[in-house]
Amino acid sequence: MSHEPEGSRPTDDQAGERLRRLRRLGVRRGRQGLATSRPSEKPREKNGDPSAAIESPAIRSLKELAGAQEVFTPHGPCLVAETGYDLGEVRGGLPLVTALTISGAAAAGCARNPALADFDFHHAGFIDTETTGLSGGAGTYIFMIGIGMFEPATDRYIVRQVFMRHPGEEPALLHVTTSILARCHGLVSFNGRAFDVPLLNSRYAMHHQPSPLEEMPHLDLLPPSRQRWRFRLASCALGALEQGILDFQRNDVDVPGWLIPSLYQEYARSGNPTEMVRVFYHNREDIVSMVPLAAMLCAPFEGDGDGMIESPHHPADCASLGRSFEELGWLTAGERAYRKALDGALSPEIRSTVLNRLGWMLKRQERRDEAVAIWNGWITSVPGPDPTPHIELAKHHEWHGNDLAAARKWTLWGLHTAKELPPGSQREQLLSDLQHRLDRLDRKLSGTLPTEHKSS
């Protein structure tokens, strides 16, 4: 489950669906049905022969339904399910193998984290957890840990899901997770930096086991997803990205993430494994979807932004990439992304943002004539009361164009435009600043203020 603020609180429709599911399952309110600890269930011997052990029907049924195997550790048993995917499997128009073409430098640029410069998707673990609650804390258990890895020996992407049937199996779950992560040199998650990893570290500490996550390089896909797609998606939850970006629709086996804690509580109370199969599916799909998502997010950052040229991008995404490149100091790539965004259809708000950033970028590089063209184009192409381009043109003509009459004209236009803004402190401050500029220009034009006098 991708634990993130967006979508974590159920809507009215979701809440109704949740109540219907819980009533059908016979779930009782409260935590009285969830044991905090009980001894690991060991197979019962038949006629004193350990090799003829008989498992309880509930355990056998869960193993069969989820395709899991029981694994024994020094801390007791737990279940592990393993699912393989061909590297050519396509999701979001990309085969899974595409992630293996992404360099560490691109991952570092995408995450704005130089520590990821050597990140290698060949040896990364794509991790996601399912928990008994969404708030974290000492009372929250992790009952499932899913880890996806590329397996060179088989040319497949393998998802392993470690599952505890009750809290008494948590030490075993953590032990198996450590053994799987021993082959990983880095982590990929979706909101794992804020939720999964801190919670895992706390569970390891509680059981006096060393955490394998402490020093591992970590690429969290949620922050760059928000940066890339916030202009055109209302939500950047993983489910929303699957539909809006990967064009992928899960089947009806899936279960909403917010319902999962209640489903596990019911399983722990009754031993009925039916709904747990849906949780296995949900977790597995999260881990598979992270692979093409990571490739999509990182690819434009190859070659200091040259990777953007290689594939088409939505104009709004180009706007987001331009800002990312600008923040990285990749000004050539940033300008290219902004201009590509302006060639497409953008909302007035996004177009204003792009023109503002591009004009500012050109101004910083002393490319003032090009900046003037941007500001003029802004005024003629974007409706709405935004005095920013008028102010920039007034500044340019006063301090660099030596044309006080033109500076006064643009200041007057700025005042006229600012008066159309909604009432508030921002409007009043703009009007005050523009009136101050107009008064100064009038004094300069009348000769009562030297033209070389410069005011901020």
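Predicted model: local features only at pLDDT ≥ 70, side-chain atom pairs only at ≥ 80, totals over all residues.
Local features need pLDDT of at least 70 and side-chain atom pairs count only at pLDDT 80 or more, while totals for chains, interfaces and linings use all residues. Residues are numbered from 1 along each chain as its sequence is written, and side-chain values use heavy atoms, with hydrogens and water left out.

Q: Is strand S7 (residues 124-131) largely enclosed or exposed?
A: Buried means under 20% relative accessible area, exposed over 50%, partly exposed in between (1.4 Å probe, protein chains only). Strands (E, at least two residues) and helices (H or I, at least four) are DSSP runs, numbered from the N terminus. Eight of the eight residues of S7 are buried, so the strand is largely enclosed.

Q: Which residue of strand S10 (residues 186-189) stands opposite glycine 125?
A: S10 pairs with S7 in the parallel sense, over three bridges. The residue of S10 opposite glycine 125 is leucine 187.

Q: Where is aspartate 155 found?
A: Aspartate 155 is not a glycine, yet has a positive phi of about 55°. With 52% relative accessibility, aspartate 155 counts as exposed. Its place is the loop between S8 and strand S9 (156-163).

Q: Does histidine 208 count as buried or exposed?
A: Histidine 208 lies in the loop between helix H5 (192-206) and strand S11 (218-220). Its relative accessibility is 74%, so histidine 208 counts as exposed.

Notes: Pairing = 2+ DSSP bridges.
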